[in-house]
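Here are a few friendly notes to read with the model open beside you. Take them one at a time and look for each residue as you go.

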Amino acid sequence: MSQEGKLVVITGPSGVGKGTIVKSLLAKNPEIFLSISATTRSPRQGEVDGKDYYFLSHVQFEEMINNSELLEWAEYAGNYYGTPKKPVLTQITEGKIVVLEIEVVGANQVKESFPTATRIFILPPSVNELEKRLRGRGTDVDEIVTKRLIKAKEELAVSHEFDYQIINDTLEEAVADVEQTIKNLI
Ligand code: 5GP
């Protein structure tokens with residue numbers, strides 16, 4: 001008998017630490033499959049095409065949208081981001097746990113396109129702490145940080161609509177909470 005896998009969406013504002021939580025989760029649970037997103041944003045230093053993201057042109061991304069190749073997609077801070085559908089569906093069929101690390105609009109779309117998905121919202125301990133983390137990261141210019149903060153406040157306002165809310169105060173506790181939430185699904 002084949003057992004269907006599970007789709008787990010991890011969302012929350014930029015700078016909340018979703019990426020760090022997911023990295024740690026995967027290091028401890030290598031059987032989990034992390035979906036690699038497509039984006040039109042330029043690679044940051046050290047980012048590798050096909051590993052961190054599939055870096056696409058606007059035309060290539062729009063082609064994926066038009067061919068219904070994305071499970072969800074959203075425009076975020078001036079760029080497109082989306083989840084290629086095929087690898088996710090393949091892994092789920094093979095019984096794997098598949099994790100998406102995506103922003104809030106896309107996470108909402110997943111509710112429509114994949115209703116059985118479990119959606120976890122990662123919260124910062126406070127908005128001030130989030131601003132500190134975004135500025136401290138030093139990867140974006142001030143204007144982009146400001147854009148991301150405005151967006152973050154809109155996103156936090158709908159956090160209660162998600163299945164689980166986990167506060168990223170200390171990394172270990174947040175990872176343990178996410179791990180437990182996933183274990184409870186199996
Ligand atoms: P960054 O530019 O910092 O890598 O990502 C910006 C935002 O886009 C983050 O909140 C990240 O989680 C989100 N993101 C990454 N991949 C996807 C995706 O495939 N779909 C959606 N909707 N958001 C994504």
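1. Which ligand atom lies 2.6 Å from a polar side-chain atom of Tyr81? It is an oxygen atom of the ligand. Before going on, please keep in mind that this is a predicted model, where local features need pLDDT of at least 70, side-chain atom pairs count only at pLDDT 80 or more, and totals for chains, interfaces and linings use all residues. Residues are numbered from 1 along each chain as its sequence is written, and side-chain values use heavy atoms, with hydrogens and water left out.

2. Now look at the shell of 16 residues around the ligand, of which Ser37, Arg41, Tyr53, Tyr81 and Glu103 come nearest. A residue counts as near if one of its heavy atoms lies within 4 Å of the molecule. By type, the shell has seven charged, five nonpolar and four polar residues.

3. You will find Arg41 in the loop between β3 (38-39) and β4 (54-55); strands here are DSSP runs (E, at least two residues), numbered from the N terminus. Arg41 has a relative accessible area of 8%, so it counts as buried (under 20%, with a 1.4 Å probe and protein chains only).

Notes
A polar contact is a pair of N or O atoms within 3.5 Å; within protein, one must be able to donate a hydrogen and the other to accept it, and residues adjacent in sequence count only if both atoms are side-chain atoms. Ala, Val, Leu, Ile, Met, Phe, Trp, Tyr, Cys and Pro count as nonpolar, Asp, Glu, Lys and Arg as charged, and the others, Gly among them, as polar. Helices (H or I, at least four residues) and strands (E, at least two) are DSSP runs, numbered from the N terminus. Buried means under 20% relative accessible area, exposed over 50%, partly exposed in between (1.4 Å probe, protein chains only).
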